[in-house]
Amino acid sequence: MPAVPGQVESHGAIDQAIDRAVREMMEVDTDAAFRARVLARLETPTPVTWWRTAAVSAVAASLVLAVLVFRLEGPQLDTPSSRPMDAPGTAARNSATGTPPAPGPVLRGTARRDAARPARATTIVAAAPLNANTSVPAGMVVATVAAAEPGSALEALHPIEPITIVPLEPEAIAPRAIVIAPLAPITDVQITPLSQAVDRN
Amino acid sequence: MPESTDSVSVSLALMASDGPALRPDPADARAEAGAFDLELVRRAQAGDDQAFGQLVERNRRAVYRAAYAALGSADDADDVAQETFVTVYQKLKGFRGDASFRTWLLSIAWRKALDRRRSVTRWLRLTVTHDRTTPDGQDLSDRVQSTARSQEDGLAADELHRTIKQLVGTLPRKLRDALLLAGSGDYTYDQIGRMLEIPVGTVKWRVSEARRMLKRKLAAMGYAHD
């Protein structure tokens, strides 16, 4: 059933030609060694897996390094405002309840971390403990002084005079008496009669 | 249940024989082959690598042709077919047999082939100005048409077949995939539907539409079309 341009070809012949052409296009097969290649590929790790493992390992190593660097180079100076337990509010609460602060340093240094790194010059610790027998009266905020670590290049802080805070005196609220004026009497309502409707123009 | 590949080979040989009395029903043969595949899967799941090797041998052509239909490249199809069997080996423990092994295998092969085709297409888009344009800027279907008309003295059926093959390459991908898979004769419409993830009715429509487009193009080139 040769079919060439210009010749009249039956519908069935064209269909058969299409079927045959498509079948020929799909007449492909693997070679005999395909099975062996697959089995060999199963026994050797694929490059994708190797790269995936390497990528995961690299990310994990980067995270560990980042944590280490952060711990070594992070902020070392503890300030009272950064430590909630030592914030002024704590002393204020103690004064309000009449509970004296516990004897000992109010400012807590970074004793635990600094014990591991005593050579760091920027670290300030509570190296000057208060007298354990000191009793602080209620209503008084006590500030303590942290001295520099021996060998530190920083100059030690000077003592600060105790600050006395006068307790607040609550002011009583005395509202003035409320007087309600009597309502005015209501006058009679008068309704005027409706006028006659005017014709529309 | 067959105990070895020999019994399946015998049944396939019977299928291939010319005697009408010996030719079994294709549906029965598929069921038998599917049951044997399932037996091999069970053995492979238990750690029998030889059984998996038999699964590869029995299904490699179907997998390879599916990949070839999607990619049109023998090398890419071979690589995708290998990847498919590696993936199947890794996922074999999770295969429960809800669908036939062959259908499951072909679905994986088709997905991998599509992934490869997307990557190949992306690369081609970066290097070639147009998908269906020849280096001299001429559309492929126009070139096919002019080539066919310029060889009117060929008068051979092979010319028509060559033309059809070239025209198949110009079909929309969805139509071309369905036409090639159905035309190969290796897959049922149900398997093609599962591979393409479309209903069987849509598969049939795409095949029909592909043929209609081919005939219309052939008619425009001078071949008869009623």
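This is a predicted model: local features need pLDDT of at least 70, side-chain atom pairs count only at pLDDT 80 or more; totals for chains, interfaces and linings use all residues.
**View 1. Chain B, overall make-up.**
Chain B contains 10 helices and zero strands. Along the sequence its pattern reads α-α-α-α-α-α-α-α-α-α. The chain has 226 residues, of which 42% count as buried. Contacts between residues at least 6 apart in sequence were sorted by separation; in chain B, 63% of them join residues at least 24 apart.

**View 2. Chain A, overall make-up.**
Chain A has five helices and two strands. From the N terminus the order is α-α-α-α-α-β-β. Of its 201 residues, 15% count as buried. For contacts with a separation of 6 or more, residues 24 or more positions apart account for 45% in this chain.

**View 3. Helix H2 of chain A against helix H4 of chain B.**
On the H2(A) side, the contact is made by A:Phe34, A:Arg37, A:Val38, A:Arg41 and A:Leu42. H4(B) contributes B:Asp78, B:Asp79, B:Ala81, B:Gln82, B:Glu83, B:Phe85, B:Val86 and B:Tyr89. By class, the contact has seven nonpolar, one polar and five charged residues.

B:Arg65 lies in helix H3 of chain B, which covers residues 49–71. The residue has a relative accessible area of 4%. Buried means under 20%, so B:Arg65 is buried. A polar atom of the B:Arg65 side chain lies 2.8 Å from the backbone oxygen of A:Val28.

**View 4. B:Ala67 in helix H3 of chain B.**
B:Ala67 also belongs to helix H3 of chain B. This alanine is buried, with a relative accessible area of 0%. Leaving aside neighbours within four places in sequence, B:Ala67 is in contact with B:Gly72, B:Ala77, B:Val80 and B:Ala113. B:Leu181 is 114 residues away from B:Ala67 in sequence. In space, the two C-alpha atoms are 9.9 Å apart.

**View 5. Helix H9 of chain B and the loop after it.**
Helix H9 of chain B covers residues 189–196. Buried residues in H9(B) are B:Gln191, B:Ile192, B:Gly193, B:Met195 and B:Leu196. B:Glu197 follows H9(B). This residue sits in the loop between helix H9 and helix H10, the latter spanning 200–220. B:Glu197 has a positive phi of about 60 degrees, although it is not a glycine. Its relative accessible area is 61%, and B:Glu197 is exposed.

Definitions and conventions. Residues are numbered from 1 along each chain as its sequence is written. Chains are lettered from A and ligands numbered from 1 in the order in which they are written. Side-chain values use heavy atoms; hydrogens and water are left out. Helices (H or I, at least four residues) and strands (E, at least two) are DSSP runs, numbered from the N terminus. Buried means under 20% relative accessible area, exposed over 50%, partly exposed in between (1.4 Å probe, protein chains only). A polar contact is a pair of N or O atoms within 3.5 Å; within protein, one must be able to donate a hydrogen and the other to accept it, and residues adjacent in sequence count only if both atoms are side-chain atoms. Contact means heavy atoms within 4.5 Å. Ala, Val, Leu, Ile, Met, Phe, Trp, Tyr, Cys and Pro count as nonpolar, Asp, Glu, Lys and Arg as charged, and the others, Gly among them, as polar.
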